[in-house]
Amino acid sequence: MDGRGRIAQSLIRIARLRARPPTGGVEPRARARPHHFQESMHSSGFRRLLLRCWIRLLRVRLPRGAGTAAALALILGGLWYGVVKGDHMPDVVAFLEDTRDQAANAVGFNIADLTVTGQNQLTKEEVLAAARVTGRSSLLFLDADATRERLKLNSWIADATVRKLLPGQLQIEIKEREPFALWQKDRRVSVIADDGTVLEGFVAPQLLTLPLVVGRGAETRAKDFLALLDRFPAIRDQVRAAILVGERRWNLRLKSGLDLRLPEAAVVGALEHLVTLDREARLLTRDIAVIDMRLSDRVTVRLSEKASQARQEQLKELMKKAKKGGRV
């Protein structure tokens, strides 16, 4: 210890420190500060900046009612989020539309006179349900174009006309598609129009007499093929079903159970040849299972199982007689 209570340093160490030359002319006090010290300085400056911003924010004077508006915005935002998240938007829209219509009806814009025409397969109630017109609907807010488009979404309705005659008359006229044929696909039978539109997923008893087409793609090609078949009434009247094979060619299943295999091309020529064969040899009334006309230069016939057995027995009898030396 020195006389002033300080720790006495080694004379040798003091001499070395005094003898060390300065580096780059920089005083020892000007040497770089430690990295952690710099980070502390930056952190302190950032804190001071935040403090100044907070003080300025506290000095801002909000207009009267701002808190109430913010609270209402928060509540409405929460309600909107719940409606969207819970998928309640259609219910909310329906409620608003119903409220609007009630207000319009109260001042005399209710539908007092309603006329629906053109329906045959559909009932009046089904047409109104498709149009979404109810006893609470208001003529003032009814959109005629939107109502027409909603009606056309029904597969039975090909076109529609909607007229509004204020203050209280509504006229709806529809044009229905006609049931054209029955279409079977994957063992399910539907009623179709001539353009292939599926009208019903089930068959009403009065529609069981419609022609039957079977297979993928048959619903859109039935109109042309059945029109071609109408040119041969002798064959058409015996057809139970027309079957589209591989979306390329047709087979005919006759009411007798006979299968008629038509070619992919030259169908008219094959049917004309078949009519000639039937007229000359009554081919369609014979005990035959299959008539194959897919090849243009020949007609192949396969006997039914019963006829084939009879043919085999006949051949056996002929073989027995030949072995005995008898005449055949």
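**Note on the predicted model**

1. R132 is located in the loop that lies between α5 and α6. The model is a predicted one, and in it R132 has a positive phi of about 60 degrees, although the residue is not a glycine. With a relative accessible area of 57%, R132 is exposed, because residues over 50% are counted in that class.

2. Helix α5 covers residues 124–131 and helix α6 covers residues 144–152; they pack at an angle of about 120 degrees, and their axes are 7 Å apart. The crossing of α5 and α6 is right-handed.

3. Which residues make the contact between α5 and α6? On the side of α5 they are V127, A130 and A131, and on the side of α6 they are T147, R150 and L151. Sorted by class, the contact of α5 with α6 has 4 nonpolar, 1 polar and 1 charged residues.

4. As for the overall composition, the protein has 10 helices and 12 strands. Of its 328 residues, 25% are buried. Among contacts between residues at least 6 apart in sequence, 44% join residues at least 24 apart.

5. The model has an open sheet of 9 strands, with mixed pairing, in the order β6-β5-β4-β7-β8-β9-β10-β11-β12. At the edges stand β6 (198–200) and β12 (300–303); each has a single partner strand, so one side of each is left without a neighbour in the sheet. From one strand to the next, the twist averages 30 degrees.

6. At one end of this order, strand β11 (residues 288–292) and β12 run antiparallel and are joined by 4 bridges. Within this pair, V290 stands opposite R302 in β12.

7. A helix also packs on the sheet: α7, residues 218–229, touches β4 (181–185), β5 (188–192), β7 (212–214), β8 (239–245) and β9 (249–254). The direction of α7 makes about 65 degrees with that of β9.

8. Where does E247 lie, given that strands β8 and β9 are both touched by α7? E247 is in the loop between β8 and β9. Its relative accessible area is 44%, and E247 is partly exposed. Neighbours within four places in sequence being left aside, E247 is in contact with R216 and R221. E247 and G215 are 32 residues apart in sequence, while their C-alpha atoms are 7.7 Å apart in space.

9. A266, in the loop between β10 (259–261) and α9 (267–281), has a phi near 55 degrees, a positive value in a residue other than glycine. A266 counts as exposed, at 59% relative accessibility. The peptide bond from L166 to P167 is cis, with omega near 15 degrees; P167 is found in the loop between β2 (157–165) and β3 (169–176).

How values were computed. Residues are numbered from 1 along each chain as its sequence is written. This is a predicted model: local features need pLDDT of at least 70, side-chain atom pairs count only at pLDDT 80 or more; totals for chains, interfaces and linings use all residues. Side-chain values use heavy atoms; hydrogens and water are left out. Two strands pair if DSSP finds at least two bridges between them. Helices (H or I, at least four residues) and strands (E, at least two) are DSSP runs, numbered from the N terminus. Axes are lines fitted to C-alpha atoms, for helices over the stretch in contact, and angles run from 0 to 180 degrees between N-to-C directions. Contact means heavy atoms within 4.5 Å. A crossing is left-handed if the near helix is turned anticlockwise from the far one by less than a right angle, and right-handed if clockwise. Ala, Val, Leu, Ile, Met, Phe, Trp, Tyr, Cys and Pro count as nonpolar, Asp, Glu, Lys and Arg as charged, and the others, Gly among them, as polar. Buried means under 20% relative accessible area, exposed over 50%, partly exposed in between (1.4 Å probe, protein chains only).
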